[in-house]
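Have a look at the sequence and the fold, then read on.

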Amino acid sequence: MTPLEKEIEAKLVKLVRHRGGLCLKWVGPGWAGVPDRIILLPRGRVVFVELKRPKGGELSSRQKWWARKLSALGFRYWTIWSWNDLDEFEEVVL
């Protein structure tokens with residue numbers, strides 16, 4: 001069964017907390033397309049995460065712009081579409 005975006009997001013929050021980090025919801029009034037989450041990890045690591053629906057979810061042009069901008073500034077940016085993406089995020093980032 002295809003997971004809902006909110007199910008993947010809930011597991012992401014739990015994984016980050018388990019590793020001693022914070023998984024903050026980012027709401028940027030006036031800043032359309034900002035990533036869903038700012039993840040603050042031990043040793044000063046910061047990761048921005050956009051969560052998308054596994055079926056039919058697309059990055060808007062504004063979200064793509066943010067991905068490029070944050071990456072150009074040296075931040076890690078991840079888009080998570082599925083359980084597999086979340087597993088990869090856990091392996092590589094956490």
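What follows covers the ground rules, the cores, the salt bridges, one glutamine and a surface patch.

## Ground rules

This is a predicted model, so local features need pLDDT of at least 70 and side-chain atom pairs count only at pLDDT 80 or more, while totals for chains, interfaces and linings use all residues. Residues are numbered from 1 along each chain as its sequence is written, and side-chain values use heavy atoms, with hydrogens and water left out.

## The nonpolar cores

Let's start inside. A nonpolar core here is a set of buried Ala, Val, Leu, Ile, Met, Phe, Trp, Tyr and Cys residues joined through side-chain atoms within 4.5 Å. "Buried" is under 20% relative accessible area, "exposed" is over 50%, and "partly exposed" sits in between (1.4 Å probe, protein chains only). The largest core has 17 residues, and the ones touching the most other members are Leu 12, Ile 39, Val 47, Val 49, Ile 80 and Phe 89. Two or more residues each come from α1 (5-18), β2 (37-41), β3 (45-51), β4 (76-80) and α3 (83-92); α1 gives the largest share, five residues. Helices (H or I, at least four residues) and strands (E, at least two) are DSSP runs, numbered from the N terminus.

Take Ile 39: leaving out residues up to four places away in sequence, Ile 39 touches Leu 12, Val 16, Leu 22, Cys 23, Arg 45, Val 46, Val 47, Val 49 and Phe 89. Contact means heavy atoms within 4.5 Å. Another core, of seven residues, lies apart from the largest one, and Val 34, Ile 38, Trp 66 and Ala 67 are among its members.

## Salt bridges

Side chains of opposite charge can pair when their charged atoms come close. The whole structure has four salt bridges, each a side-chain nitrogen of Lys or Arg within 4 Å of a carboxyl oxygen of Asp or Glu. One of them joins Glu 9 and Arg 37 (2.9 Å, N to O). Glu 9 sits in helix α1 and Arg 37 in strand β2, 28 residues apart, and both are buried. Glu 9, Lys 25 and Arg 37 are also linked in a network of salt bridges.

Glu 90 and Arg 19 make another one, at 3.2 Å, N to O. Glu 90 is in helix α3 and Arg 19 in the loop between α1 and β1, so this pair ties together parts 71 residues apart in sequence. Glu 90 is partly exposed at 24% relative accessibility, and Arg 19 is partly exposed at 34%.

## Around Gln 63

What does the side chain of Gln 63 make a polar contact with? One partner is the side chain of Lys 52, at 3.3 Å, and another is the side chain of Glu 50, at 3.0 Å. (A polar contact is a pair of N or O atoms within 3.5 Å; within protein, one must be able to donate a hydrogen and the other to accept it, and residues adjacent in sequence count only if both atoms are side-chain atoms.) Glu 50 and Lys 52 also meet in a salt bridge of 4.0 Å, N to O.

Gln 63 belongs to helix α2 (residues 61-72) and is buried, with 10% relative accessible area. Glu 50 is buried at 2%, and Lys 52 counts as buried at 11%.

Leu 22, Leu 24 and Leu 40 make a nonpolar surface patch of about 230 Å². Patches are made of residues with over 30% relative accessible area and no salt bridge; like charges are joined within 9 Å, nonpolar side chains (Val, Leu, Ile, Met, Phe, Trp, Tyr) within 5 Å. Accessible areas come from the Shrake-Rupley method with a 1.4 Å probe, and for residues only the protein chains shown count as cover. Leu 24 is in strand β1 (residues 22-25) and counts as partly exposed at 37% relative accessibility.
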